[in-house]
Structure formats: C-alpha cells, structure tokens
Amino acid sequence: MNFQGHRLGRLVKAPENFIGADAVGTVFNEAKRGRRDFVRGAFAAALAGAGASTASAQSKPAQAGDANILELLAHSKGLGQGVAMEGYGKPSKFEANVQRRISPGLTQTRQSSVSFAPLQSLFGIVTPSGLHFERHHQGWWDVDPTQHRLMLNGSDAALMKTPMVFTVDELMRLPSVSRFHFIECGANTGMEWGNVAVPTCQYTHGMLSCSEFTGVPLKLLLDMAGVDYSRARYVLAEGADGSSMTRTVPMELVESGEVFVAYGQNGEMLRPEQGYPLRLVVPGVQGVSWVKYLRRIEVGDQPYGTKDETLHYTDLLPGGMHRQYSSTQECKSVVTTPSGGQVLLDKGFYQISGLAWSGRGKVKRVDVSVDGGRQWKTAKLQSPVMSKCLTRFTLDWNWDGQAALVQSRAMDDTGYVQPSLAQLRAVRGTRSIYHNNAVQTWLVEAGGEVKNVHLS
Ligand SMILES: Nc1nc2c(c(=O)[nH]1)N[C@H]1C(S)=C(S)[C@@H](COP(=O)(O)O)O[C@H]1N2
Ligand SMILES: [Mo]
C-alpha cells in the first residue's frame, strides 16, 4: 500500500486563490515539486539497501537503514506536554495546511463572502466544525445567548393561537433530536457553469459541509404555539444579523418533522460562524434556507417572495426563462482523492475516494469511471448511509501510469442519476450560477499531476 498517496491532499500545499492562473500555477507547482522530490528521495533511500522494485517497495514492511525506525526519537525518550496545556485542543501543527480558504475574486469584502472547506483533506463524512465552510451575507457575530430570543408569530392572528418568545435556555429544555445532515450552498460549483475550471475540489465543491446537528423540531414549537395547520402553508425564517436573511420554507417540510431549530453541532454548541446560538436546519434544502442567528419564525398562508428567494438564488435558463424558488439540492458527488492539485506519487495502488449526497434522500449507488465516462465500476459505500447526509464512497484502483479521466456519478433512492456537465448544460444553458450538480472530471496526467477539466 502506498500510504503517502492517501495523504497527498493534506501535504500538497493548496493555492491561496485561483484567480490569476499564472500566479497560482507557480505556487502550486513549486509545492508539488517539493513534495514529490521529497517522496521520491525517500523511496530511493528505502530502495538503495533493499534492491527491490518500486512496485514491491510500495508494500515493503521494513525500510532498511531508516533512522526513523532504528533510533529513538526525542518524543520516545523525553517527557511530553502536560494535560490541559490548552483547555480546548487543536490539530497538530503539522496539519497547518488544512484550512478553509477564500477566493479573492469572490471576496470583495470579507463580510459578504464565502470560505471553502478543504474536502480533499477530510476523511469519512463529518466536517470538523472549525473547517465548516462559511457563507455570510453581512459578516458573522458571536451573539450573546442570554440576549438572544426566538419569536414565533402568525401572519394573521388566526394562524397562530399563542405567539411565543423563547430564550435559548427554554429551547434547550425541550425534547431534542440529533441528526447528521449535509449543508450545501446553492452556489456550490457555480464557477464551473461557464468555462472556468478552478484548480482544487476545495474550490469546486467546498461550499459543502456535514455535521451532526442537535436541536428541537420546529413542528414541536409550532404545536406549542397552536398553529392552524389547515391554513398554514409556509414558514418565514428570519436571521438576526444585518443581512436580514429571510427565506420561505414550505409547511410540508416542517410537518414532516425534518426541519429543526439547532443549537448543537458535532457535540458542542454551534460555532459563531454557523449561527450561534440558533440556526434552522432544513435537510436536503440549499444552504441559504438554513437561516443562522435565527430570531423569528412566521407562519403564513402564502409564499413570501423575499429578496433572498427572488432576486438571488434564481437560475437563468436558455431562451430568456428563469427558475425561481428551487429548494432541493439534487443528487451529486465528487471524487476527493485523487482531485485537482494533488499528485500521484507513482503508478500502482490507490484508493479512489469521494463524497456523494442527495437532497431527496439516501445515496443508493455511486459509479466511478477512470476513462472519462466510457466504462463505469460501482463503488463501495461506507456505512453509515443516511438520508440527506454525505456518503463516503471508495473504489480500489491500480493506476497504470497513463493519463486517466476520473469521474463519479451518484444515484439516489428516488432513482435520480447525477447528470454529466453536457447533459446539464443542454437543459440549463451556461448562464446559471446556482445548482450545478454535474459530474466532475479530474484529469490525472501521465506525470501524476491532477487537474480539473471540462469534457464537452
Ligand atoms: N442569518 C444568516 N443566515 C444565513 C446566511 C447569512 O448570511 N445570514 N447565509 C446563508 C447561506 S447563503 C448559506 S449557504 C448558509 C451557510 O452556512 P454556513 O456559513 O454555516 O456554512 O447559511 C445561510 N444562512
Ligand atoms: Mo448560500
């Protein structure tokens, strides 16, 4: 097994930005070259005494003459650090390259901007809270939970018998649920609609994260407030930040019990960037509906048509038409290893690994191609496979050292199949920004470098 291959995403330095291909190309290639020489050197050293071929060296258990094995290193001989040197633990300093990253092209101001999660460096399905992508329309706040309130009201008096105001403490006394769900911004993969192929999967797909969220079903709160479900059609969710983020959520989703008011994320309170102390969780629906700093829920009998669902998050279609109020994130997947910016060290064994998800339910199957979609093999789905949650897939691969076009194509339990870029463009044109769920292609060059390419 070539373990270095698995670690590449974490060791190759990702570019700070992808605007200005030349500048980025330089940073990128230097980082890769440095890493490659290092690895090649290590292989050469290991092989020198052993006289084995490169292929067998990949699975060789002992590394003759390696000082890292023959000698005790400082950490095996001295005293380590004491407990609770820092009350809240941090990742190893050797993992400092695993960061959320911004794109200057999308970041005129840091307050109305986005940072991308480093998907190429993550395992399994959970996004560590400190690496969760961020999308703020007017900056984030560390809101004092003792001052925060959630208000429930009806758009007319008959829709809700008892309008209510909850403190965070009051909400936390109520029966709760904990569920794993992905959140994806509707603009994820948006840059790829035209002819821009951004270099890494952090930038192509990193407006995506997955956490275990904990909170109170909105249905329970509406029951307490005495909602007239015979007339209630929509709820309006409103955030407390300056962007006055407001979105309409259809009542069916609330009545299904899936929508909840979350205060917890991955076992602790929400991070401020994620809406501390309260955010709406709307499983399967695009990120913008997951209102952060949630301060008000209004129940209404007609759609609201707020700025965040009419002016924004609308898709331009061919022929002068446009699509509004899209809500569900369609079935989608991406290979995260190997992915753009990584380098395969040598031919031989690699485990292709990636993420698949669907806003409609569970991922049923993922197929992987290494020849640009001519032939497909069905990947293994790692458990657990949960509804409206990321699913990790893997496929064992022996790379023959030739150029390869690596793709994944997911199918969900409704039978929906993720489209190719050409299929998606045929229906939706090229002028959208949002809701691009096309198959992603990574070109593995004969030299091992991996690049983002668009197949026509
Ligand atoms: N109050 C408030 N809620 C918000 C936003 C915001 O700017 N303010 N951004 C929305 C958008 S567009 C997305 S994609 C998600 C991003 O959530 P995250 O920052 O936790 O990743 O939050 C949504 N909820
Ligand atoms: Mo978003």
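**Entry 1: His-435.** I located His-435 in the loop between helix H11 (421–428) and strand E22 (441–444) of this predicted model. I then read its phi, which is near 60°, a positive value in a residue other than glycine. I noted that most residues other than glycine have a negative phi. His-435 counts as buried, because its relative accessibility is 8% and the cut-off is under 20%.

**Entry 2: Ser-244.** I looked up Ser-244 in the loop between strand E7 (234–239) and strand E8 (246–250). The phi of Ser-244 is also positive, near 45°. With a relative accessible area of 36%, Ser-244 is partly exposed.

**Entry 3: cis peptide bonds.** I checked omega at two prolines. The bond from Thr-337 to Pro-338 is cis, with omega near 0°, and Pro-338 belongs to the loop between strand E15 (332–337) and strand E16 (348–357). The bond from Ser-383 to Pro-384 is likewise cis, with omega near 0°; Pro-384 is in the loop between strand E19 (380–381) and strand E20 (391–399).

**Entry 4: ligand 1.** I found ligand 1 in the largest cavity. Around it are 22 residues, of which Phe-133, His-137, Asp-241, Arg-279 and Lys-292 come nearest. Strand E2 (residues 134–136) gives the most to the shell, with 3 residues.

**Entry 5: polar contacts of ligand 1.** I recorded an oxygen atom of ligand 1 at 2.7 Å from a polar backbone atom of His-137, and one at 2.9 Å from a polar backbone atom of Arg-135. At Arg-279, an N or O atom in the side chain is 2.8 Å from a ligand 1 oxygen. Taken alone, ligand 1 exposes 530 Å², and the protein buries 100% of that.

Technical notes. Residues are numbered from 1 along each chain as its sequence is written. Chains are lettered from A and ligands numbered from 1 in the order in which they are written. This is a predicted model: local features need pLDDT of at least 70, side-chain atom pairs count only at pLDDT 80 or more; totals for chains, interfaces and linings use all residues. Side-chain values use heavy atoms; hydrogens and water are left out. A residue is near a molecule or strand if one of its heavy atoms lies within 4 Å of it. A polar contact is a pair of N or O atoms within 3.5 Å; within protein, one must be able to donate a hydrogen and the other to accept it, and residues adjacent in sequence count only if both atoms are side-chain atoms. Accessible areas come from the Shrake-Rupley method with a 1.4 Å probe; for residues, only the protein chains shown count as cover. On a 1 Å grid over the protein atoms alone, a cavity is a set of points where a 1.4 Å probe fits but cannot get out, and a pocket is an open set with protein on both sides within 12 Å along at least five of seven lines; lining residues have an atom within 4 Å of a point. A molecule sits in a cavity or pocket if more than half of its atoms lie within 2 Å of its grid points. Helices (H or I, at least four residues) and strands (E, at least two) are DSSP runs, numbered from the N terminus. Buried means under 20% relative accessible area, exposed over 50%, partly exposed in between (1.4 Å probe, protein chains only).
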